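Subject: Structure handover

Dear colleague,

I am passing on the structure below, together with notes on what was found in it. Please keep it open beside this message as you read.

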Amino acid sequence: MDSGTPRRALSVRLPPDLMNAYAGLIEGAGFTFSENIRSYVQSLLERDQELDHTELKIEVSFNWRVLKPGDPYEESVGAVMVAVEPPAGMSQEDIDRLVFVIPEFTDGAHEPYRIDSYYYHRVAGTSNFIESSTRRRNVLSYSMTQGRWHGGVYRYDDHVPLAELAAKIDLALRRSVRATIRCAQLGVLPVQRILNETDTASRRDVWKDVKLPDRSDFEHTYSG
């Protein structure tokens with residue numbers, strides 16, 4: 001690590017029973033919490049590097065809306081689709097059980113554009129509901145269906161070209177989806193971020209009649 005790079009502190013709150021057990025283990029072995037956390041972080045990143053990063057394929061595609069004078073909801077400029085090809089050791093069903101989080105796009109107090117899940121992708125259970133900490137909006141948490149996610153694209157600042165908007169959404173989505181799947185592979189994704197069999201079966205039953213959008217309608221494709 002560059003010695004000139006500012007260090008960031010981590011703050012973790014644990015319930016008393018876990019803290020007492022953790023302290024007994026670490027301090028009993030004669031080293032500090034900081035030493036243990038640094039060792040854990042280094043080990044986690046080394047395990048991440050050992051994964052085959054070429055196996056996970058993520059495709060991001062767009063379907064732009066053709067607006068006519070007088071059309072309502074001019075901020076609704078199109079739709080976005082993410083399609084995932086699972087890495088070795090994971091199935092499409094495994095991907096569909098993960099709870100992802102929609103990236104947000106803000107510039108200080110300004111939100112030039114946003115993306116939002118189609119209703120059948122939203123996850124809003126008691127334990128896995130995730131909402132924005134910076135904006136008043138509904139649900140950020142979502143799950144995929146058949147390895148795909150679909151959402152609307154909304155532009156609130158007409159000065160942002162669609163090409164720029166698409167490139168930034170593409171980068172943020174691929175980064176978020178890739179990191180979530182990697183955390184699942186490494187076994188560090190919180191249990192609340194993995195749908196159990198009951199939740200999965202329930203969602204499958206509720207949305208069994210939903211027809212996913214035609215993939216051929218999404219023509220502006222970014223891959224990586």
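Helix H1, residues 16-28, has 13 residues and reaches 17 Å from its first C-alpha to its last, close to the 18 Å expected at 1.5 Å a residue (the expected span being 1.5 Å times one less than the number of residues). Helices here are DSSP runs of H or I with at least four residues, strands are runs of E with at least two, and both are numbered from the N terminus. H1 is followed by Gly30, whose phi is positive, near 85°. Helix H4, residues 162-186, has 25 residues and reaches 36 Å between its first and last C-alpha, close to the 36 Å expected at 1.5 Å a residue, and just after H4 comes Gly187 with a positive phi of about 75°.

Before going further, please note that this is a predicted model, in which local features need pLDDT of at least 70 and side-chain atom pairs count only at pLDDT 80 or more, while totals for chains, interfaces and linings use all residues. Residues are numbered from 1 along each chain as its sequence is written, and side-chain values use heavy atoms, with hydrogens and water left out.

As for the overall picture, the protein has 5 helices and 7 strands, which follow the pattern α-α-β-β-α-β-β-β-β-α-α-β along the sequence. Its C-alpha trace spans about 70 × 45 × 35 Å along the principal axes. Of the 224 residues, 35% are buried, where buried means under 20% relative accessible area, exposed means over 50%, and partly exposed lies in between, with a 1.4 Å probe and protein chains only.

Strand S6, residues 148-155, has 7 of its 8 residues buried, so it is largely enclosed by the rest of the structure. S6 runs antiparallel to strand S2 (residues 76-85), to which 7 bridges join it, and Val80 stands opposite Gly151 in S6. S6 also pairs in the antiparallel sense with strand S4 (residues 113-117) over 5 bridges, with Gly152 in S6 as the bridge partner of Asp116; two strands count as paired if DSSP finds at least two bridges between them.

Ser141 lies in strand S5, residues 141-142, and is buried, with a relative accessible area of 0%. Leaving aside residues up to four places away in sequence, Ser141 touches Val99, Phe100, His121, Arg122, Val123, Asn128, Phe129 and Ile130, a contact being heavy atoms within 4.5 Å.

Tyr73, with a phi of about 55°, is found in the loop between strand S1 (57-64) and S2, and Tyr73 is exposed, with a relative accessible area of 60%. Gln146, with a phi near 55°, is found in the loop between S5 and S6.

Gln146 also belongs to the second largest pocket, which is lined by 17 residues, with Asp96, Met144, Thr145, Gln146 and Arg204 nearest its centre. The elements giving two or more residues to this lining are helix H3 (92-97) and helix H5 (197-206), and H3 gives the most, with 4 residues.

With kind regards

Definitions and conventions:
1 Å grid on protein atoms, 1.4 Å probe; cavity = no way out; pocket = protein on both sides within 12 Å on 5 of 7 lines; lining within 4 Å.
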